[in-house]
Every structure is written in C-alpha cells, then in structure tokens.
Amino acid sequence: MDLKYKIKRRPRRKTLSIVISSDNRIVVRANQTLPDGAIAEFVESKRAWISKTLKFNDTYLSLYIPKKFIDGENFLYLGGEFTLRIERGKSETAVLIDSMVLVMLPNFIKTPFDYIQGKLVQWYTAQSYMILKERVGVYSRILNVEARSMKIRTLKRTWANCSRLGVLTFSWRLIMAPLTIIDYVVVHELAHRIHHNHSARFWKQVEKVIPDYKVCKKWLRENGRDFHW
Ligand SMILES: [Zn+2]
C-alpha cells in the first residue's frame, strides 16, 4: 500500500511526528531542513502503526456521512431506519410514531442542530435502556449470572463493558444494530461475569449461547462505523 501524506514544516521544530486525523489524512510534522528522503524513511518505519490507525478509523470514526439533523433525514434503529420529523411546538420528549421519530422544536431554539441532536441522543438512550434491560434479563437467566446494574452512556471506542463488580455499561449507539447483534453484545458482557477476560474459555461460553457469535462480531466491525455521528 502506498502511503500518501502531507509534510508540514516549521523552522524550529525539533521532533518529527506523524498525525493521522479521524478522516485518515496523514500529516508529517518536520523541521525545515530535514530531507524528504529521511521523512519517507521515518514514515516507512511507522507503517505498521499507521496501518493499524487507519484501520481503526475506518471502523470507528471516518467514512461516515455527517448528520444534519433535519426534517426527513433517516436514522438507524434496530437494524432498520426511521425518518426524523421536526415540527415547531413546545419542547417534548422525542417520540416514535410508525417509522418516524418526531421532535418538537420550540420557537426560541436558536441552534436546532444541537437541540435536535440532543433530543435524539435522549431518545436513543431511553430506548436502549428499555430494550437492553429486557435482553440482559433474558440472558442473565440463561447464563445464570447476575448484572449488578446497567447504564447507558456515550462510549467512544467500545459498544459495552462489564466492570469487575458486574456493572454493565452499554453505548446507546448499539441500539442501531439488529437485535441478534445486540444479543451477542449482551451475552459477551454477561459472559464476563464468569470469565473477566477474553480467554478461549470465555469465547466458548459465548459460543454456547450465540453459536454464530463470530458472524456478529464481524458484522459489528464492518457496520458499526455507520452508528457514529
Ligand atoms: Zn469483552
């Protein structure tokens, strides 16, 4: 793979560094006098790290179409989509009606973008709580484990985690995935109540409940990027 990068030079810069933005642009910061060849060599020596970072960004951060939070825009939910409807009116909780989520936008709101984004995150969080609470209940019984409590948060780099004390935290973004994928994540976290690691025994435990968990893992890796906005 040919690595394309931009060189930004400063006369008094002492260090040579590589910066990769979330949309995968690579910038090398260098001193004014350092020859291009030396920079190329440096970039080459960091190839493994660069590839890893580019791949990570592809999965989690970049390549997404920025949301505008406008009337008629589509959003993901449980593997399907709903259309955002915005109407002027007094502030209320966003509601799902058929395949639409209605957000009421009060007249005094100066920045609809932030307001509507906030309302949608609130809506996703509430839906996540309801659905995940039920799924955690179902799979706790199957795995015969107990979750101490459950939280929904904005998680940047993971879908969920399970603390040593058994507190499960899920990203509200997870609710954009189909239920089979959500179930895999729930089982994964609950299986950590038995094995707090990713050992072979842990995966065996997951497999007992979700035989095609590898497909789910792959699905999340490939589609999860669409959940970020
Ligand atoms: Zn895990």
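S128 sits in helix α3, where helices (H or I, at least four residues) and strands (E, at least two) are DSSP runs numbered from the N terminus. With 21 C-beta neighbours inside 10 Å, S128 counts as buried. For that label, a residue needs 20 or more other C-beta atoms within 10 Å of its own; 12 or fewer makes it exposed, anything in between partly exposed, and the C-beta atoms are placed from the backbone.

Keep in mind that this is a predicted model: local features need pLDDT of at least 70, side-chain atom pairs count only at pLDDT 80 or more, and totals for chains, interfaces and linings use all residues. Residues are numbered from 1 along each chain as its sequence is written.

Back to S128. Setting aside neighbours within four places in sequence, S128 is in contact with I152, F170, W172, L174 and I175. Contact here means that the C-beta atoms of two residues, placed from the backbone, lie within 7 Å. F170 is 42 residues away from S128 along the chain, yet their C-alpha atoms are separated by 8.3 Å.

F170 also turns up in the largest nonpolar core, which has 35 residues. A nonpolar core is a set of buried Ala, Val, Leu, Ile, Met, Phe, Trp, Tyr and Cys residues joined through C-beta atoms within 7 Å. The members with the most contacts inside this core are F170, L174, V185, V186 and V187. Elements that give two or more residues to this core are β5 (80-88), β7 (100-105), α3, β8 (149-153), β9 (160-162), β10 (167-171) and α4. Of these, α4 gives the most, with eight residues.

So how does α4 pack against other helices? The table covers two pairs. Axes are lines fitted to C-alpha atoms, for helices over the stretch in contact, and angles run from 0 to 180 degrees between N-to-C directions.

| Helix pair | Axes come within | Crossing angle |
|---|---|---|
| α3 (residues 112-143) and α4 (residues 179-191) | 9 Å | roughly 55 degrees |
| α4 and α5 (residues 200-209) | 9 Å | roughly 140 degrees |

At its angle, α4 is oblique to α5, and α3 and α4 are oblique to each other too. Angles under 35 degrees count as roughly parallel, over 145 as roughly antiparallel, 65 to 115 as roughly perpendicular and the rest as oblique. α3 passes α4 in a right-handed crossing, and the crossing of α4 and α5 is right-handed as well. A crossing is right-handed if the near helix is turned clockwise from the far one by less than a right angle, and left-handed if anticlockwise.

Where α3 meets α4, the residues are L132, R135, V136, Y139, S140 and L143 on the α3 side and I182, D183, V186, V187, L190 and A191 on the α4 side. By class, that contact has nine nonpolar, one polar and two charged residues. Ala, Val, Leu, Ile, Met, Phe, Trp, Tyr, Cys and Pro count as nonpolar, Asp, Glu, Lys and Arg as charged, and the others, Gly among them, as polar.

For α4 with α5, V187, H188 and A191 of α4 face F202, Q205, V206 and V209 of α5. This contact divides into five nonpolar, two polar and no charged residues. V187 touches Y139, V206, V209 and I210, not counting residues up to four places away in sequence.
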